[in-house]
Structure formats: C-alpha cells, structure tokens
Amino acid sequence: MVPTFLGILVINFGVLRLQGPTLSEEMDKSIRNDGARNADLVATGVENYLGRFRSTGLDLPALVNLRGFTDIDDVVALLRATERGPAVLEHERNRAEKDLWLMGRLLVEPLAAIVADDALAELHGPASMALSLCAYYPLNPEDLGRLTPEQQRQRQTRNHALKGLRIEYANTREAGFATTDPDAAGKRAAIAAFWQANREDFARDGATAWRALVVETGFCDFMRKLFTGTLYSHQRKQWVFSLIADRWHVTFWLNFASIAIAWCISIPLGIRSARRLGTFEDAATTNVLFLLWSVPSFFVGTLFLHHLCTDTSTGKAWFPNRGMSSEGALWLSTPRYLLDLLWHAFLPLVTLCYASFTSLSRYMRADILEQLRSDYVRTARAKGCAEDRVVYHHALRNSMVTMITLGSGLLAELFGGFVFVEYIFSIPGLGSLLLDAARSNDAPLVMGSTVVSVGLLLIGILIADVLYAVADPRIRSRYG
Amino acid sequence: MAEAATSPLGLALGYFLRMHSVRIGLGVLALFVLVAIYAPFLASETAIVWRDADGVSFPLFAELFNRRSYPQRHDLLFNLLVFLAPALAIAWWALRRRWRPWRRVLWSLAIVTVAWIACQVPMLPSGGSWQAVWNDRPSPEETVRRHRAFAADDAPGAVFALVPHRYDAPYQGAILRRPGTVNESSGRAFLLGSDAVGFDVFARMVFGARISLTIGLVATGLSLLIGTIIGALSGYLGGWVDIVLQRLVEIMMCFPTFILVLTVIAMTSRSIFIIMIVLGLTGWAGTARLVRGEFLSQSVREYVTAAHALGLPQWRIMFRHILPNSLSPLLISATFGVAGSIFTESGLAFLGLGDPNAPSWGLLLNQGRENIAYSWLIYIPGLAVFALLTALNQIGNGLREALDPKSQR
C-alpha cells in the first residue's frame, strides 16, 4: 500500500514536470520583445515567472541540484553561452540566458566574484544582470505567513535594491558583450557592498552545497509541500489542502454509498440469475446488464438531467439539477434535511453505480455456480438442508471471499466516474475541483486533488483487504 | 472452411461468427467504419460531380487531399482509405486461397502506411492550376454561390454529398436549429439540427466517427505494444526484472486511469495526438498482467525448451514462439481497450478537456449538457457512443467466449 502510494506520487511528480516546455514558451512570450530588449521588462518577466512557478518547484532541477558546485570557471562558461556572436544560434542563446537567470541563490557567490574580478571586465554587465535575478527572492502569498514581518521587509528592500545593481551592457552580434553603463564603477562597488551585506544569505560552504544537492530539488520540494500541506494555488490565492478539506467528504460519501448500493443490488441479482440458470430470466438479466454496462455514464447523467431535472412547459422537474442540498436546507429539521440530501443524491448515485452492476453480478453468478457444483454443497444437500440454506449459508459465504477480492480490483476501475457525475450535477466535490483546476492549468491544485483522490481510493482498497481477512477464516487464523 | 474447421482456431472462429450478438456488433462496427471512411461523401460542402460550361469535373476527389480542407493527419489517412479500402477488399478476396490471412493483414497495413507517408510529401509542383486544387480551399462565398445557382437554376448539373455542409466552420446565425430546418446558406436542411455554435450536427457526427476510431485504434495499439513488451519481459525473464515490473504494473493498476489522463492533459496541451499518446501510455497495465500470466504458463512448455536447446536468442523465443501462442487474451483485451479509449476520449471532450478543434462526439454532448433543453444534442452523440461501445463490447465478449477453452459451447 505505502510503496504503491509512493509510486503514484513519483508518477504525479513526473506528470508535473511535463509542463516544463509549455512554461518556458510562456515565459518566452512574456519576457521577450524582439530586438531592443528593455532590461527592466525582462527582469519583471523572470520575477513573475519565479513567483508563479516556485510554488510547484519548477524553478529547481528535477532530481539532482548541482548548482552549489559551480565554480567561477563554470559560471564564466555559462555567461559566455549567452553572448551573441557571428555563429551563435539565437534560440540556443536564449535558452542559455533563461537557464542562467533561473539558477537561484546558489549562483550569487560566483557571480559576485566575477563582478569583483578586474580581468573579466567585459562580463561585468551580464554577470550583474544574472546576479540581480538570481538573488531575487519572490515574495509569494504563501511566504507571508511563514516569514516574520522583519524578514519580509528585509527581503522586499533587498529585491528593490537589486534593480539598481544592473550594469547596462550591449550584446551585439559583431562585438559581443560591451559595458555601456557610465556608472559601471559605482555599481560594481554597490554589488560588492551588497554581497558583503547579504553574505550569510547567499554563502555556500560545503554543507549548503551538499544539502542543496538533494534537498533543493523539484522532487523534494514537491514532496515537502505535499506532506507538510503547504501546496499553494496561485490562481485561487488559497492553500490547496484547505480547498480540498471543504470538498473531499462529498466525494467520499458519494463513492462509498454508490459502492454499497452496487453491492447490495448486484449480489442478489447474481444469486438470482445463478439459481435460475438457463432460464429466460437469467439470459435477459445478463443481456440487459451487459447493454447497461456499455452506456457511457456521462450520457446517462445528461439524460437524467434532460428528462428529470429540467423544468418544462408542462410541469416542474422531478429532481434538482445542481448541488447536494436545497437553499436553506441548513434550517430544516434533521429528518427533512436527510430527505433533502437523498433527493439530491439519488440521481448522482444511480449514475455512479449502474455501471458496476454488470461485472459484480456476473462474477457473483459465476462464483455461486462454481460453489453449487462443489462437493460440500452436495454434502449439505445430502444432509437434507433446505435449498435456501444451502445457497445463503453455505455457498454465499464462500463466494463472498472471491467477491471481496474482486471488489478491490473493481474499485480502481470504477473510480474516476465521480468526475463526470460531479460535473453533470454541479456537485461541489473533489471531482469538480480537479476539473476546474485542470481547465485553468492550476498545477498545484491538480496535483493536490489527484493525490487526495488516489489516497481515498487506496483507503477503499485497504478496507476491502481488511474485509477480505474478515470474510476468510484462513487469513483470520493466520493473523490472530 | 474445410481445412480451417479442423484447427482449434478455426473452430473458435466458426463459433464466434455464429453468435447473434457478435454478428450485430460486427455489422454496427462495419457501419461506423464505412461512415468514417466515406465521411466526405456524406457531409461536405464541395460537389462530388460538377458539370457546367467548362465540362464535367469532380471537385470532391481533388479536395480529399487538400491540406486546407482536411488539415488533420488522421483525416488524410481516412481519405486515402476512400480509395484503398475497396482496392484492398478486392485484393483480399482475390488472394483468399493463395495467401494466409496473417500475410494479407501485414501487407494491407504496409500498403496503407506507405501510402499515408507518401501523401505527407508534397509531390505536385507549385504553380499552375494543380496548385489551386491542392492548396486553395474554395471560399465559403463561392460555395454558397454555387449552391444557390444549383438550387435556382437548372443549367449546371451537380451531385452533392448527402448533407452539403462543412464540419469545421460554423454557419453564422444558424444556432440550435431543430433537425430538418433549412439552412439559408446552402438551401438544404440540417439533417440532425445544428449546435450552439452553428455547426451542422450531422457533419460533426460523421467526422467525429473518424476521431473516435482513430483514438481507439492508435491508443490501444500503443498500450498493447507497451503492455506486451513489459508483460513478456516480466513473465519470461522472471527474477528481479519481474519484481520491479510487477510493482510498476501494480502502481498503474491502482492509479485510476481516468484521473491520470486528466492530470496529464491538464499539464500538457490538448491535442488529439497528445490524448492518443497519453491514453496509450496509461492503459497498458491490464495487458501487461495478462501477457505475463500467459508467458508464465507457456514458458515451461516443451516447445520453449526445444527452442532453447536449438540455441535461439531469447527475444526470438519470446516474440516469435511464445507470443503467437498467447495471442488470444491479447485480442480480447484489445477489443475492450478500444472501447475504453473511445469512452475516455469522448469523456474528456465532454468535460471540456478534449481537443477544441476536433469534432468529437463528447464535445457535442457537452453542448447538450450546457443547453439541456435541446434533446438532439444529447441523444445523437450519446447514442452514437453507446452503439459503438456496445458493438465493441459485444465483439470482445464473443471473442472471450469463443477463445476461452473453459467456456461451454
């Protein structure tokens, strides 16, 4: 169970990183205006990007962060890669530039050293630009609760001061880098002062670099946010798990009730068909259920909505078309409230569970048939047991074991139908949350609700496994 | 059938084809395939035959390979099949005694693939009148003028498609018309009404069949490929390979496929191509498990030991000796897989996460949900999905009964 959940988290993380390419395109659009690029505009683009995507850890490398181990030579090479030249391809240069600017705080130290180095005079401009962006600390709404007001103020002042540290430079195809700033010397001194003032924030001794190697990665970041519950949805300006906490119980009860109903209906159906093997009734049940299985649930839900939930010229609708309770239902007495809930939940429940009748009752039928052919049933019949007692007392108990085993497998297959049902009947549950998030590309919210729904499913499977032990005396005796 | 009846496969095939449900299923499926292939002849604004003062021309046949009229790649494939399908059918019939069915399948696939790739290469020289045929789409005004001329005046003779409406551009102002209402732009009726944007429902449905079938086949093919390779390695090699791969399969089985697909679509782009790939990459777990079981039971048979003793390489034993003997569960899971992919694709489109440019059935049904009083927007796409899924499920069920040695006949 736990390894499976971890595996699912890893897959989720992989899916999350898939948005990398689309994001960089988006960033290209936001920070580039061809030809004459305004340094402030570019910087604002990068700052926005950092602020938006730091909440999913996309500014960090996926698994291994080697940024703490880049020395000055490496950084010089990175800076050189952003230089325009006669043979340099523009899109490669753009990518190098973007990569450099998103490197984060671990690159501040070598960049400051480059700016301080007189021998690398032509790199002072780009290095100062990269430094001002790497040292930038986006103050996200989720940080505001975590940092003290003192720290917030300090970060804000520092971010503001960074804008004044950029040494203007030209980057042309003919000449490459050239410093154009009249006040280059003054800004160099300012950078040196900035580095001295914020030394402890950006310093990277051995321990910092090694910790960053594993801890400051996209994977660790994602997992930490998931497990500490600090996943933050930028689009909704809310914590993901507080959004989910309002809604998960709706989905949980809907699914739970639909599974219970499916079992309560399909087991008698299966037994009935098995006992009337070969009759018209058996064939009719099997065929009708098989046809029912092929009807897509979204079609059934929409049909219900069309025929039963829509007011027509001739009369009022039979069932409500949205939500789980009427307006003002909170003020109803408890029995009336429950009736109201049932009235709202009836069609969603039918839509959720009709598809599982087929497979469950089929397995039930096959299994009861197999049990009825076995020796112990013959013995029971020979003993003179009534037929009902043979079926319900002897055969059914044994086939429950198979049913429960199948139940946990079926759960995963049927799970996911709630997205349709919640969408069709406008139920404020996890499914509609997931759908809204997916439509608006809200990555943290998608991840959070996916993980929670998979968690619910795994809990269901766990319950089925426990029931399995309850139903099967062999397993019960082995574990206690 | 004389020689086929003796083999177990022939017996199974005979049993399979005698089932009523399978016959109906195959018939419905064939109908959908024919509709998908000949979609341009059912719904297209271009005339099939056009005769005026300049002489007789066949605009639709030229239009079939026009990139602007049919920009999607799967459309090109189906348009090729307009010509290739009858030719291949004749070849199949002619070669029925000379070539084994397997060989005929492979050759047909090869011919279709080669033709499809060849059509991607622009062959005709630019300039001149050919260019117009290949690249320019007749303007809507021109088409309207022609339709009007045809309706008003008996001078030009023309044969039009069943419904002379486009599927990829809405008709201005013709919103939510009842089935049978006349479209002012063309002078002909909306056979199945129009939707909330002004598209002709019939044209959308007909071209939607192409999307559903393509998705079903490509996604299932991909998941079968992955599932077979993983299952084969896992079942045949055993040991730690088996342990690792089974863990992976378990994770994929536990992960609700629909939610995974939804998540991936949310993180990437919403194109038909991506949806196909994602469906293929997520749906292989069941196949892998089936193939593994089959490989486990086959790999202890004598013929495998014999192949070992002959010194054949392992991949050859796996894919040339064991795999052909374990095809029947694969075939069954493929049929249900096609149904599953079609369901998932139309479900995604229904939820508004499909390709917005593709005329999917689910998109139409979603319009029905948004305009809940308009029953034709609900029943037509819903029944189409239902019919196709039922046909595929019946075929799969028939296959399972026919190929399962335990089932009583």
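Biologist: Which residues in H16(A) meet which residues in H17(B)?

Modeller: This is a predicted model, in which local features need pLDDT of at least 70, side-chain atom pairs count only at pLDDT 80 or more, and totals for chains, interfaces and linings use all residues. Residues are numbered from 1 along each chain as its sequence is written, while chains are lettered from A and ligands numbered from 1 in the order in which they are written. Helices (H or I, at least four residues) are DSSP runs, numbered from the N terminus. Two residues are in contact if their C-beta atoms, placed from the backbone, lie within 7 Å. Here Phe298(A), Phe299(A), Thr302(A) and Leu305(A) meet Leu365(B), Gly368(B) and Arg369(B).

Biologist: At what angle do the axes of H16(A) and H17(B) cross?

Modeller: Two packed helices are described by the angle between their axes and the distance between the axes. Axes are lines fitted to C-alpha atoms over the stretch in contact, with angles from 0 to 180 degrees between N-to-C directions. The axes of H16(A) and H17(B) cross at roughly 25 degrees and come within 10 Å. H16(A) is therefore roughly parallel to H17(B), a term for angles under 35 degrees.

Biologist: How many residues of chain B are in contact with chain A?

Modeller: In chain B, 38 residues are in contact with 43 residues of chain A. Helices H10, H11, H16, H17 and H18 of chain B each supply at least two residues of that side of chain B. H18(B) gives the largest share, nine residues.

Biologist: Which residues of H10(B) are buried?

Modeller: A residue is buried if 20 or more other C-beta atoms lie within 10 Å of its own, with C-beta atoms placed from the backbone. Val249(B), Met252(B) and Cys254(B) are buried in H10(B).

Note on methods
Angles under 35 degrees count as roughly parallel, over 145 as roughly antiparallel, 65 to 115 as roughly perpendicular and the rest as oblique. A residue is buried if 20 or more other C-beta atoms lie within 10 Å of its own, exposed if 12 or fewer, and partly exposed in between; C-beta atoms are placed from the backbone.
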